[in-house]
Amino acid sequence: GDRWTRGGSQEPVTFRQPSAAPELRASAAEGVGAMPSIDLRVIRNQLAAVGSNLWIWLLRAVVRLPPPPFYSAALKDQPGGVPAHKEDGNCVCVEIVGPGGLDQLRACSHCWATCGYNLMKELDGSQRIPAPLKVVPPGLVVVRNHAFSINYADICIRWGLYESALRYVGWPIIPGFDIAGVVEMAAADTGYKAGDRVFGCSLFGGYSSRVVTSARMLMHLPDNLSFQQGASLPAAAGTALHAASLAGLWPNEPIAKGKSVLIHSAAGGVGAMLCQVLRLQGRSKGLQVVGVVGSASKVSSCAADKVIDKSSEDWVAAARAHAPDGYCAIFDANGVSSLTSSYQLLSCNGRLVVYGFHSNLPKVDGGLGMLSPWTWICMGLDMLRMPRYDAMDLTLQSKAVLGFNLSFFADEHDLVEAYIQQIGRWVAAGALQVPPVQDFSFEETRAAQGTLQSGQTVGKMVVTL
C-alpha cells in the first residue's frame with residue numbers, strides 16, 4: 001500500500017498503490033440491455049476520500065490545528081519568490097499530499113522532472129523522475145515549464161473525487177494538465193529542438209517547473225502569445241473540441257441550416273472555448289450559439305450569439321424562447337441542477353453532452369477548501385437526484401446523452417493528436433482567441449485554486465513559474 005500522513009497528524013493511512021499504466025478496456029460482459037457492473041475500485045476510492053476529507057476537516061475546523069506551510073523546510077520563502085529550479089538542478093513542483101483542503105497543496109523539490117501517468121511505466125513507474133535523462137526516449141520532450149493553468153479537475157483531484165488520478169497515480173500526486181514553456185531536450189523523432197517555445201498538455205504532472213511529455217500533446221507557441229496565454233488554452237480547447245465532436249459539430253460543419261446549440265457556464269474556461277469553436281464551425285450554416293452564465297458580470301465576456309443570465313431570469317424559459325423547436329446540442333457541465341431541463345430542451349436527434357458536475361460540488365466553504373460533513377451529505381443527496389436515462393425513452397424521442405473525461409484518453413493517441421493539431425492551426429491563424437487570464441505567482445497556487453473554487457471567475461487561472 002501507499003502510505004502517507006494526514007495533514008498535521010502522525011497517523012499513517014494506507015491506500016492502494018495503483019498500477020502505473022492505465023487499463024482502459026470496457027468489460028465485454030456489458031452489452032446493450034445488460035445491467036452495469038459495480039466497480040469496487042471506484043467505491044473504495046470514494047469511501048477513502050470521504051474518510052480522509054472528514055479527518056482533515058476535524059483537524060482544521062474542530063481541533064483548530066493550524067495548516068502546514070505551503071513550502072517545505074527545503075523550500076523556504078525567499079525574497080522575490082522561490083526560483084523555478086533549485087541549485088541542485090531539481091524542478092520545483094506542487095503536490096497534493098492527500099485528500100482535503102487547500103492546505104494539502106505543498107511545494108516540493110525532490111525530483112529532476114515530472115510526467116503524466118501515461119508515461120509512468122516508461123519512466124521508472126513514478127510521476128517523479130529522480131535524475132536527468134541521459135537520452136530522451138522516442139516521442140518525448142522535456143519542457144522547462146514557465147506557466148501552468150488551474151482547472152476545476154485539479155480541485156476535484158484534491159478532494160479525492162477524480163477517479164483517473166486515484167486509479168493511476170494515488171497519493172501524493174502532482175496535478176496539472178496545461179503547460180507552456182521552452183524545450184530543454186527532445187527526442188530526434190519529435191521535430192522539436194532546444195529553445196522552441198511550446199504549449200500543450202500532460203496527463204497530470206503540470207504543476208512543475210520541468211515536465212516530460214509526449215510530442216503528440218505539444219504545439220509551437222506563437223511569438224505573439226505569452227506563456228500564461230499558452231497555458232490557458234490546451235485542456236479547455238481540447239475538451240471543447242471533443243464535446244463538439246460528440247455533438248457532430250466537428251470536424252464537419254452542421255448538416256442542416258438554422259440549428260441552435262446551448263452552452264452552460266458559457267463564460268468559463270471550457271464554455272468560452274465552446275462558444276468560439278461552435279461559432280467557427282457553424283458560421284456558414286447560421287448556427288445559433290446560446291450561452292448561459294451565472295451572473296450579470298459575466299454577460300459581457302460571453303462570446304455566444306445570445307446570452308442568458310440565470311441570476312436574473314428563468315434560464316429554461318429564456319432558452320425555449322431563443323429556440324422554440326429545441327436544440328440540436330446542449331453542453332452541460334453543471335450536473336444535477338440542469339441536466340433534466342437540458343434533456344427536455346433537446347430537439348429530435350438532439351445530443352446532450354455531459355463533461356462535468358459543478359453544481360454537485362461546493363463553492364464557498366470559508367476559504368479552507370475543505371469538504372465538511374454537511375457537504376458530503378448534500379453531495380450524497382444530489383447523487384440520488386441525478387437523472388437516469390431510459391434506453392427506450394432515448395429511442396422513442398431520438399435523443400442521445402453522451403459523456404466523457406479526457407483524462408482517461410491515454411491510449412487515444414490519434415484522437416488527441418488531431419485535437420492538438422487543430423488547436424495549433426486555429427491559434428496560429430488567430431482564429432481562436434485566448435480567454436481572459438488571471439495570473440498568480442507560484443506561492444499563490446493555493447489562492448488560485450481557492451479563487452476558482454468560488455465559482456466567481458471568468459476565463460482561466462494561470463500560475464507563473
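In the predicted model, helices H2 and H12 pack with their axes 10 Å apart and at an angle of about 105 degrees. Helix H2 is therefore roughly perpendicular to H12, since angles of 65 to 115 degrees are placed in that class. On the H2 side the contact is formed by Tyr152, Asp154, Ile155, Arg158 and Trp159, and on the H12 side by Gln449, Leu452 and Gln453. By residue type, this contact comprises four nonpolar, two polar and two charged residues.

Helix H2, which spans residues 152-159, is mostly covered, with eight of its eight residues buried. The buried residues are Tyr152, Ala153, Asp154, Ile155, Cys156, Ile157, Arg158 and Trp159. Besides helix H12 (445-453), the elements against which these buried residues pack include helix H1 (40-62) and helix H3 (163-168). Strands also take part in this packing, namely E3 (93-96), E4 (105-108) and E7 (140-150). Just after H2, Gly160 adopts a positive phi of about 80 degrees.

From H5, the residues Ala236, Ala237, Thr239, Ala240, Leu241, Ala243 and Ala244 take part, meeting Gly269, Val270, Met273, Leu274, Val277 and Leu278 of H6. The residues of this contact divide into eleven nonpolar and two polar, with no charged residue.

Beyond its neighbours within four places in sequence, Tyr355 is in contact with Thr239, His264, Val270, Gly271, Leu274, Phe331, Asp332, Ala333 and Phe404. Among them, Thr239 belongs to the H5 side of the contact between H5 and H6, whereas Val270 and Leu274 belong to the H6 side. The C-alpha atom of Tyr355 is separated by 10.0 Å from that of His242, although these two residues are 113 places apart along the chain.

Two cis peptide bonds and two positive phi values were also identified in the backbone. Most residues other than glycine have a negative phi, and most peptide bonds are trans. The peptide bond from Trp171 to Pro172 is cis, with omega near -10 degrees, and Pro172 is situated in the loop between H3 and strand E8 (178-186). Trp250 and Pro251 are likewise joined by a cis peptide bond, for which omega is about 5 degrees. Pro251 occupies the loop between H5 and strand E12 (260-263).

Positive phi values in residues other than glycine occur at Asn349, where phi is near 70 degrees, and at Ser398, where phi is near 55 degrees. Asn349 is part of strand E16 and, at 57% relative accessibility, counts as exposed. Ser398 is found in the loop between helix H10 (391-397) and strand E17 (400-403), and its relative accessibility of 31% makes Ser398 partly exposed.

Definitions and conventions. Residues numbered from 1 in each chain as written. Predicted model: local features only at pLDDT ≥ 70, side-chain atom pairs only at ≥ 80, totals over all residues. Heavy atoms only, no water. Contact = heavy atoms within 4.5 Å. Buried < 20%, exposed > 50% of the residue type's maximum accessible area, 1.4 Å probe, protein only. Helix = DSSP H or I, 4+ residues; strand = E, 2+ residues; numbered from the N terminus. Nonpolar A, V, L, I, M, F, W, Y, C, P; charged D, E, K, R; others polar. Axes fitted to C-alpha atoms, helices over the stretch in contact; angles between N-to-C directions. Parallel < 35°, antiparallel > 145°, perpendicular 65-115°, else oblique.
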